[in-house]
Amino acid sequence: MPDNSDCFDVNVALGPRSYHISVVSDRFDQFAETLESWLNHNPAFRNTVAEGNKSALIITDENLATLHASKVEKSLETRGWKWETAVIEPGEKSKSLAVISDLYDRLVAIKADRQTIVIAVGGGVIGDAAGFVAATYVRGLPFVQVPTSLLAHVDSSVGGKVGVNHPQAKNLIGAFYQPLGVFIDTSTLETLPDRDYRSGLAEVVKYGVILDSRFFQYLEQNIDGLNQRSAEVLRKVIARSCELKAEVVEQDEHERTGLRAILNYGHTFAHAFEALCGYGELMHGEAVSIGMIYASCLAEKLNLISHQETERQVHLLQALGLPTLLPEGTQLNNDDIIDRMKLDKKTVGGQLRFVLPTCLGRVEVFKEIPEAQVREVLDELKRSVSSDDFQI
């Protein structure tokens, strides 16, 4: 765990593509100063500030333009930057090539060059879309993430995945493009709707299960602080989550070795539940929370972990206000769930693969899991929907 501090700096070590993640509270007035320090320490942009080439395009959405992007604008103004702000519609519909084309037009209009900074102020959609613009305009502009949701803080802003949707599939068009830096201010969570906030907590719990049992224990010991959105607790939790994801990304930046797959704990079940319940019925983090328990119960059935280790996950997730079973009344057909899981990117040759815990703090990817055992878990947890009893 990071030491007690009012500011954490997490390094993502990727050679010439390395960058820093700054985790602070109520420090938006220091954003431009932080940005300039990143530029001055990056060989490719070291002369940008000295030569006065301080221009930027801020990309945000309609919900955040006055809420958070205005604070970034004010900070840039105090340091003599020139900028424009492009405001797009919130939601997945903005991750489209039509919206990207409009953003290219804005860059053309301001005569952007390879020292113009693209600044993404928003959640995962804004980060993905702005990052794709930065990756592709004149073959690459420097790009800064200012994530505003907990899910974006601990997940989508770290790792360099950028992209847009195709009518046939989400995130089908994209790239790996690392930012110049990530500026995380926990004050953005003060106005985040409760359901969105708790959805992000599911990904935080995931890091404890897959990589760090001591972190999992810290979460158990700080449930009140998490529920109350304590800035001190959140700085530590966000910084450690970013450190853990960075460790994985550093070893498997482009998803070539398979290690990065461990970040998908619970996601094989979750993606199926999201799709079959109808996108929007379950938030992503809610589906992941449920999916982690299904995956843990499958690990129990395979004698990989004890029931107590599943129970600890259940208790923590429930204490953080997250679901651990599908909503009561949900009617999903097992055949449909299995078919949907076979579309998962970890599936090879039609054989289901799952990320499963072998103890708290460690997971592995298991292939050729017998479909019959997956069906048993689906049936047993389906019968538990009206109960808190998880007897596998």
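How many helices and strands are there in the chain? I looked this up and got 14 helices and 11 strands, with helices (H or I, at least four residues) and strands (E, at least two) taken as DSSP runs numbered from the N terminus.

Next I checked the radius of gyration: 21 Å for the chain, close to the 21 Å from the globule rule for 392 residues, so the chain is as compact as a globular protein of that length. That radius is over C-alpha atoms, and the rule is 2.2 Å times the number of residues to the power 0.38.

A note on the source: this is a predicted model, where local features need pLDDT of at least 70, side-chain atom pairs count only at pLDDT 80 or more, and totals for chains, interfaces and linings use all residues. Residues are numbered from 1 along each chain as its sequence is written, and side-chain values use heavy atoms, leaving out hydrogens and water.

I then took the extents: the C-alpha trace spans about 65 × 45 × 35 Å along its principal axes.

For burial, I found that 54% of the 392 residues are buried (under 20% relative accessible area; exposed is over 50%, partly exposed in between; 1.4 Å probe, protein chains only).

I looked at contacts (heavy atoms within 4.5 Å) too. Of those between residues at least 6 apart in sequence, 74% join residues at least 24 apart.

Last, I picked Ser241, which sits in helix H9 (residues 231-251). Ser241 counts as buried because its relative accessibility is 0%. Leaving aside residues up to four places away in sequence, Ser241 touches Val154, Val204, Tyr207 and Phe215.
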